[in-house]
Amino acid sequence: MESIMRDFISDYQDLVAAGSPAKRTYHFPPMSKPQRDFIKELAITYKLYAESQDREPHRFVFVVITDRTETPAMTILQALEKEREIELKRLQLEELKLNKLDEQPCNALLIRDTFFGVNESSVMKAVSEILNSYEEYEDFGIKCMKESAFVFHAPYLLEMDKEKEDKLYMLLKKFKSILREKLIAFDCKMCLVDEDITEILKVDTNNVMTNSSNASVHYVLEAGENEHQKNELETNELEKNNLEKTNSFEILQSS
C-alpha cells in the first residue's frame, strides 16, 4: 500500500513538472476497516487528504494530493530497519561495557571543564598548535560530547596497543599543561570511545586532584593502577584564582 502511495505522488509530481495533466486523486479498492485505517494513517504521514466512501463490503478509501503533500525520506520498512540497526548497536555497546571495559585500552582524550567562551573551533585551534610536530595525528578530530566537554580522536588511535596507549598518555600530559596555560580547559583525561565517536565508554579516573597549602593544583597518580602511571607525581603551578574555572561536571565511569 505504501509503495502505491509513493508511486502515485511521484507520478503526479513528474507530470506536473513536465506540464502534463495529472490526477490529484487515487482510489484504493474495497478493503477491510483495519486496512482502511492503515491507509489513513499513511495519508497523515504523506500529508494527503483521505476519506472513506460507500457501504460495506464495498467501502474504500480515496486520497487526494494537497499543497502540503510530501514524500518521507524513508519507507516504513526502511524506518523499521533503521530502528533495528540502532537497537543492535545499542546492544553491542552494552555488551562491550559488560565485557571488562577496564581491560580495553583508552583511544581518545577527554578535554573537559572548558573555560567560559571556549567552543569547538577554539579547542581545535589550540590542539592544532600542540600537534604541529606529531605527524601521526594529522587527521585528528575534535567532537563536542556535552557542554564544556570535547573528545580528541584520530584514525591513528583506532587500533590501540600498549605502546600507543603510553604515547597517548604522554600526549595527555602535554595537553593538560598547555590547555590550562591557554585558558582552554581545566582538565584532560584519557578515555575510551566507540568507533563512531558517539559515546564515552569509560574515563581514566586514576588521577586524583588535591589542594596544597599554597593553593597550587596537584595531581597525585595512584600507584599500581596503570603501568605508565606508577610512582609518578605531576604538579601544576597555576594558581586557582588565575584559572577562572567554570561549569565543572562529573562523567561517571560505566561498569
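Buried means under 20% relative accessible area, exposed means over 50%, and partly exposed lies in between, with a 1.4 Å probe and protein chains only. The model you have here is predicted, so local features need pLDDT of at least 70 and side-chain atom pairs count only at pLDDT 80 or more, while totals for chains, interfaces and linings use all residues. Residues are numbered from 1 along each chain as its sequence is written, and side-chain values use heavy atoms, leaving out hydrogens and water.

**The chain as a whole**

- The protein chain has six helices and 11 strands; helices (H or I, at least four residues) and strands (E, at least two) are DSSP runs, numbered from the N terminus.
- Of the 255 residues in the protein chain, 37% are buried.
- Contact means heavy atoms within 4.5 Å. Among contacts between residues at least 6 apart in sequence, 60% join residues at least 24 apart.

**Two nonpolar cores**

- A nonpolar core is a set of buried Ala, Val, Leu, Ile, Met, Phe, Trp, Tyr and Cys residues joined through side-chain atoms within 4.5 Å.
- The largest one holds 29 residues, and those with the most contacts inside it are Leu109, Ile111, Val127, Tyr137, Phe152 and Phe175.
- At least two residues of this core come from each of strand 4 (108–114), helix 4 (120–130), strand 6 (149–153), helix 5 (162–181) and strand 7 (185–193).
- Helix 5 gives the largest share of this core, six residues.
- Which residues does Tyr137 touch, not counting those up to four places away in sequence? They are Leu131, Phe152, Ala154, Tyr156, Leu157, Leu168 and Leu171.
- A second, separate core has 14 residues, including Tyr12, Phe28, Tyr46 and Ile65.

- Strand 3 (residues 60–65) is mostly covered, with six of its six residues buried.
- Phe60, Phe62 and Val64 point one way from strand 3, while Val61, Val63 and Ile65 point the other way, and all are buried.
- Two strands pair if DSSP finds at least two bridges between them.
- Strand 1 (residues 25–27) runs antiparallel to strand 3 and is joined to it by three bridges; His27 has Phe62 as its bridge partner in strand 3.
- Strand 2 (residues 48–53) also runs antiparallel to strand 3, with six bridges joining the two, and Glu51 stands opposite Phe62.
- Strand 2 and strand 3 form a hairpin with six residues between them, and Asp54 in the turn has a positive phi of about 75 degrees.

**Backbone features to look at**

- Most residues other than glycine have a negative phi, and most peptide bonds are trans.
- A cis peptide bond joins Glu56 and Pro57, with omega about 0 degrees; Pro57 sits in the loop between strand 2 and strand 3.
- Lys47 has a positive phi, near 55 degrees, in a residue other than glycine, and it lies in the loop between helix 2 (33–46) and strand 2.
- Asp113, in strand 4, is not a glycine either, yet has a positive phi of about 55 degrees.
- Is Asp113 buried or exposed? Asp113 counts as buried because its relative accessibility is 5%.

**Around Lys23**

- Lys23 is placed in the loop between helix 1 and strand 1, and it counts as exposed because its relative accessibility is 62%.
- Leaving aside neighbours within four places in sequence, Lys23 is in contact with Phe8 and Tyr12.
- The C-alpha atoms of Lys23 and Tyr12 are separated by 6.8 Å, with the two residues 11 apart along the chain.
- Asp11 is found in helix 1 (residues 2–17); Asp11 and Lys23 are 12 residues apart in sequence and 9.4 Å apart in space, C-alpha to C-alpha.
- At 46% relative accessibility, Asp11 counts as partly exposed.
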